Amino acid sequence: MKPKPTTLLRKHTSSARFLAGILACGLFASAQAQLPSSLSLPDILKMRPEARADVSQLGVKSVAVDAPVDQHEYVVGPGDVMGLNIWSSMPVEHQLTVTPEATLLIPNVGVVDIRDRTLADVKKQVGMIVGRQYPNSEITLTLLAPRRVVVQITGDVLNETKFEMSALQRVDNLIATANTLPAGGSDLQAYIDVLHQLRASPSLRNIIIQRRNGERVRVDLVKYQATGEGKFNPYLREGDQVFVPTKRDMTFGIGVSGAVRKMGSFEYVPGDSLSDLIAMGFGFKATADSQHAVLTRLSPDASRKETVLVNPAAIRAGKAPNIALQPGDRLFVYENPERRETFIVALEGAVQQPGHYPITLHTTKLSEVIKAAGGFTADANLKGATLTRARVSSAPEEIRREQLLSSRASLGVQDTSYYLAETALRLKGEIVTVD
């Protein structure tokens, strides 16, 4: 006897395969009548044995990151938890963990070697291999939880030792961890003194990562802060050995000043260019004359100075060749002076609209301001009008300074009184004749 659809549905509500069967038999209408009205077909499709991966149950701590993972930089390794989805009429989902041998064991597919491959490469490789087994299906691979890695740091840091870090953290995170106060440390002042020393002495541009495969990578935290490019501050990998050298003598550094957002001196690294130096200065200020700058270069014995006029805007736009820097180079970017200020005058007395009015310096006439105020009132005494023009700053410290300078004169009593009176009038402002 054929079982009723409702009995089958109650028995197999977690099976997407049964749903496909009752659809094929034309029984879905009667079965759907027994389901809550809020339950849709996509909801039923989710009721399948392959449950979604719950990252909270993977035993991996969540890690605070400053940006989404870059799949072209992140190298997959043992312990990474991946989610494989095969989107078809019968969706399949697998939660996979990279084995200690750096392989992925994919059900119904086999073993995939992913050693030393970026996340982007692994996605492409898995999609190609799984796609052969599941043609006409969309294959997606997602990093669900990053692995933990053990790395070692030495050099100019507070704690030279091994640390367990997340593979989503970068070299600057490791350095910050190595410079934290050890557990149980009690001498806070000594720790603060050491931190001040560490902030002044370690290199920020010549940090070295020694990888297990023999690769050596240079870390440049100054360029990373200026550009945000991950290649200057790579993700950590298992077995990394990070060395933080002492900062080189800043006499042999390079510097930028003038109309840039951040003036300063930086360590010189072979390969630095003029555009790199501007980037380390966080670019031009809004008032910069980006087409005019001066590059100053000293001879090796510091007896001669060469000055070269350069056009940074043309270099950054690719219209002029970039300039390779040498130790000791200094760049000064000219600035267009900001002449726009809030020039105003105060109009008081018998006018229609007294108040403060904007003017253009050395251009706006008194008659224009009076017109803007609506003209005179009927009872205005035009012969009694005065215009007072300020002579010195109205800041209290400037007024006090002017008074002290006036009292310094060694004059007679009458001359001193006259001089002080003139000073007081000058501080209040010059009265200009007005008709």
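Which residue forms a salt bridge with R147, with the closest N and O atoms 2.7 Å apart? Before I answer, a word on what we are looking at: this is a predicted model, in which local features need pLDDT of at least 70 and side-chain atom pairs count only at pLDDT 80 or more, while totals for chains, interfaces and linings use all residues. Residues are numbered from 1 along each chain as its sequence is written, and side-chain values use heavy atoms, with hydrogens and water left out.

The partner is E238, where a salt bridge is taken as a side-chain nitrogen of Lys or Arg within 4 Å of a carboxyl oxygen of Asp or Glu. E238 sits in the loop between α8 (221-227) and β10 (241-244) and R147 in the loop between β5 and β6, so this pair ties together parts that are 91 residues apart in sequence; helices here are DSSP runs of H or I with at least four residues, strands are runs of E with at least two, and both are numbered from the N terminus. R147 is buried, with a relative accessible area of 2%, whereas E238, at 29%, counts as partly exposed, given that buried means under 20% relative accessible area, exposed over 50% and partly exposed in between, with a 1.4 Å probe and protein chains only.

R147 also meets the side chain of D80 in a salt bridge, at 2.7 Å from N to O, and this pair links the loop between β5 and β6 (148-155) to the loop between α4 (41-45) and β1, 67 residues apart. D80, like R147, is buried.

Let me turn to another pair, D240 and R211, whose closest N and O atoms are 2.4 Å apart in a salt bridge. D240 lies in the loop between α8 and β10, and R211 in the loop between β8 (207-210) and β9 (216-219), 29 residues away; both residues are buried. Beyond these pairs, R205, R218, D220, K223, D272 and D276 are linked in a network of salt bridges, and a search of the whole structure finds 13 salt bridges.

Finally, the strands. β1 (residues 81-87) and β2 pair in the antiparallel sense over six bridges, pairing being assigned if DSSP finds at least two bridges between two strands, and in β2 the bridge partner of N85 is E93. Elsewhere, β3 (residues 103-106) and β4 (residues 110-113) pair in the antiparallel sense over four bridges, and they form a hairpin with three residues between them, where N108 in the turn has a positive phi of about 65 degrees.
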